[in-house]
Amino acid sequence: MRREQFLRVVLLGALAAAEAQTLTTISDPASFVIPFIGTTNGGHVFPGATLPHGMVKAGMDTDSPGNHAGYDGDPIFNATGFSQLHDSGTGGAVPLSNFKLWPFAQCSSFEKCPTSLDGRKTLRRVLANGLPDDFASPGYFSTNLSNSIRVELTSTRRTALHRYTFPPGTAHPRMAVDITNDGQMSSTDPVMTLDPDTAQVMGGASFAASFGPGRYSAFTCVSFKGEGFTLGKPTEYGVWLADFPVRGTTNILQVYYGFRDQLGALFTFPPAPSGKQTVILARVGVSLISSAQACANAEEEIPDFDFERVHQANRAQWNDLLGRVQVDTTGVPRETTELFYSSLYRSHISPADYTGENPKWNSSEPYFDSFYCNWDTYRTLYPLMSLHDPVTFSRIVRGMVDIQKNEGWLPECRGATAMHFIQGGSNADPILGEFFVKFQDQAAALNVSATDLYNALLADAEIQPPNWNLQGRQANIWKQLNYIPDDMFDAGGANTKQVSRTLEHSFNDFAISQVAKALGKADDGRKYAKRAGNFANVWNPNITVPGGPGVLGMMQPRFADGTFNFTDPRHCSIHDPAQATCFLNAANRDGFYEGSPILYSQYAPQDTAGLIELQGGVDKFVSRLNFIFDQGYFEPTDEPSQQMPYMYHYANRPGLSTQRSRQVIAQNFNTSTNGLPGNDDSGAMGSYAAFYLAGLYPLPATRQFLLSSSYFPQISFFNPAFNKTTTIKSKGFAGNPATGTGGHVFVQSVTVNGKPYKSNCYLDWDVFTAGSVVELTLTDNINVSCGSGKDALPPSLSRL
């Protein structure tokens, strides 16, 4: 390049960067977060107080049948307690919800306080708009109960701080601590003591895992303090059993309790002096090690009981994290900005940082839990972290590798140290692949051992565990046949999900191949890249779809002798004549998990070009995608569908990707309590929506992001690993069509730092590592293309 050309390029880039800096910074992105999105209609979102990836998630529990995160936004359901541990957006049985606290303003006597779960439950006040009188923002939750008690919650990593404001005139304010009632009422082996002088409660129990056969132990330490007055000693105290408090007792051994009984402590405190309202603070430390450690956690993290300090420190952490992604809100409705930051927020509730709380082995490495499950989150949650939170991502990876070192295989689905059932494949593989492919050069500085990471991947790929329902994969037959057969039974796990596991393992091995390539292990790279092509081994080219003219060929179950079984392509879809589901069931022989053969026949993200060939070429591929969307086979509630709207990119029809992805947002996501199409799945749906709103879609374990147009005139990502900001600007931005159809939203051309880019359909990771200014020229012509160069189409394995 000539010197004057070089200077011109540098100048253009500098001018573009300077222009990007004129964007008004959103200093309080937490103000755009609506934690109640998805708290009804099966979203199971946790709206309470937590730090980013905090262990403690302090929130309200209700008697809703959908109280998987404790809360339900429908005011018809009673509050039953305010507990310290939750997951967010999960299915299965109700997880966690441990160590509820409950206030009493009026009991006829100490002994008559209705301390049981059903006895104490109380409705919330209802606002004029019909919603419960609840409020939440990042790091804070409050509610006004129908008995006029106000409850507020905030938190640190392992400790919750509650504030209970009793109605004026309360003569005998009382507080109950519930040791045994988790979300499943599954406790056994309870222990509890109370101090009659300080009202400190120490206790714990064993509880059931919510999506697997295991159990876990958890412990708590609860202390009380008056706000604005000296609380003093309790005037009454005792252990309660069901609805029967026993005055003067200090240990649960002093009552006759049986298997899975409801147990806890009850205190009566003196009210505040005349003229003051009684406000009682409760500090609740939690530990999976011991109640003594729970006390130490509480003392370390909240020594002063200062509610406002803890709340503001919590919110500051959220603002630091959310503020790394900045948007220009010019011409954009506030609801769109709220939807974006709320989606980004939910992407950082799980997994949870349990570092220092792993009772199973001693380690100096981080320990993360609430992987519920990797099958849900590997597609979008971790690639989103790559863009703006690589340090936390690196700590999660280190924790996963440490689990493999101590348990033999990487975690797949996990809650409170208990292994849960695997849904797809060994889906920690693409998570580790995502990290290393993007941060290979920074891995050592982030304390991630490349050797240990790769060895953990090889353990998943090569060694069959004793129970591949819970960890690893059915590796032996996978290596022998290059698919999971429909008719071979193995004592090590359930003989189900054969086709979907084949497809998942293919992608997992692709991720391993990319790590091998990055490490210079050429032979391994070729070996696992070949395995990544195994998806084609369950492709039956002769299957047709009733009502789907021109749709020929489908992923199908295959016997060990190479012949095919048959599953109706409509199976587990809304058009399934049998109305079957594809959930975990050892009796199922259909071959698929939470998705129809029609959907899974589009799942080979590592080689969409190869998939296009299997499906008869570009035109038939586009026609098939249109059929899937137009006939309602697309399933927005489950992750196998997530990449589908962007698949038109590979057929050189990115305008259709833009329109389909925007229609998905318009039809399925909003800021109401039922603003999700289904479970949030530990942030999987949140990260999915965030990517769509940003105009990007990730390809895990690659160095590419598929590109569309953002819902904002400008969006930027600051990445602390590189200390760089990348800004994507939309030239000619004219708003977003409400239905997602049409509009001035299609990408006609792309420049990076003022230079025409090689593709209109994707951005290489190098764009983000360098800190670039990307400018999109928009048009209302849906018939745009990826460009004309040899690198215009997104990469596929068979074209590398």
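1. Asp-63 and Lys-121 form a salt bridge through their side chains, at 3.6 Å from N to O; a salt bridge here is a side-chain nitrogen of Lys or Arg within 4 Å of a carboxyl oxygen of Asp or Glu. The pair links distant parts of the chain, 58 residues apart. Asp-63 sits in the loop between strand 1 (59-62) and strand 2 (79-83), and Lys-121 in the loop between helix 2 (117-120) and strand 4 (134-137). Helices (H or I, at least four residues) and strands (E, at least two) are DSSP runs, numbered from the N terminus. Asp-63 is partly exposed at 30% relative accessibility, and Lys-121 is partly exposed at 33%. The classes are buried under 20% relative accessible area, exposed over 50%, and partly exposed in between (1.4 Å probe, protein chains only).

2. The model is predicted: local features need pLDDT of at least 70, side-chain atom pairs count only at pLDDT 80 or more, and totals for chains, interfaces and linings use all residues. Residues are numbered from 1 along each chain as its sequence is written, and side-chain values use heavy atoms, with hydrogens and water left out.

3. The chain has a mean pLDDT of 95, with 97% of its residues at 70 or more; pLDDT is the predictor's confidence in each residue, from 0 to 100. Over residues 1-21 pLDDT stays under 50, and the model has twelve contacts beyond four places in sequence for this segment. Contact means heavy atoms within 4.5 Å. Where pLDDT is low, the predicted coordinates should not be read in detail.

4. The structure holds 43 salt bridges. One of them joins Glu-407 to Arg-414, with the closest N and O atoms 2.9 Å apart. Glu-407 is buried at 17% relative accessible area, and Arg-414 is buried at 1%.

5. A further salt bridge pairs Asp-523 with Arg-526, the closest N and O atoms being 2.5 Å apart. Both residues belong to helix 13 (residues 522-532) and are three residues apart, about one turn of the helix. Asp-523 is exposed, at 56% relative accessibility; Arg-526 is exposed as well, at 54%.

6. A network of salt bridges links Asp-429, Glu-462, Arg-473, Lys-479, Asp-509, Lys-527 and Arg-531. Asn-508 lies in helix 12 (residues 498-518) and is buried, at 0% relative accessibility.

7. Helix 4 (residues 307-322) has 16 residues and spans 23 Å from its first C-alpha to its last, close to the expected 22 Å; the expected span is 1.5 Å times one less than the number of residues. At its start, a side-chain oxygen of Asp-306 comes within 3.3 Å of the backbone nitrogen of Glu-308. Buried residues of helix 4 include Phe-307, Val-310, His-311, Asn-314 and Arg-315. Trp-318, Asn-319, Leu-321 and Leu-322 are buried too.

8. Ala-694 lies in helix 18 (residues 684-694) and is buried, with a relative accessible area of 3%. Not counting residues up to four places away in sequence, Ala-694 touches Phe-340, Ser-710, Ile-715 and Phe-717. Ala-694 and Val-773 are 79 residues apart in sequence and 15 Å apart in space, C-alpha to C-alpha.

Note on methods
Polar contact = N/O pair within 3.5 Å; in protein donor to acceptor, adjacent residues only side chain to side chain.
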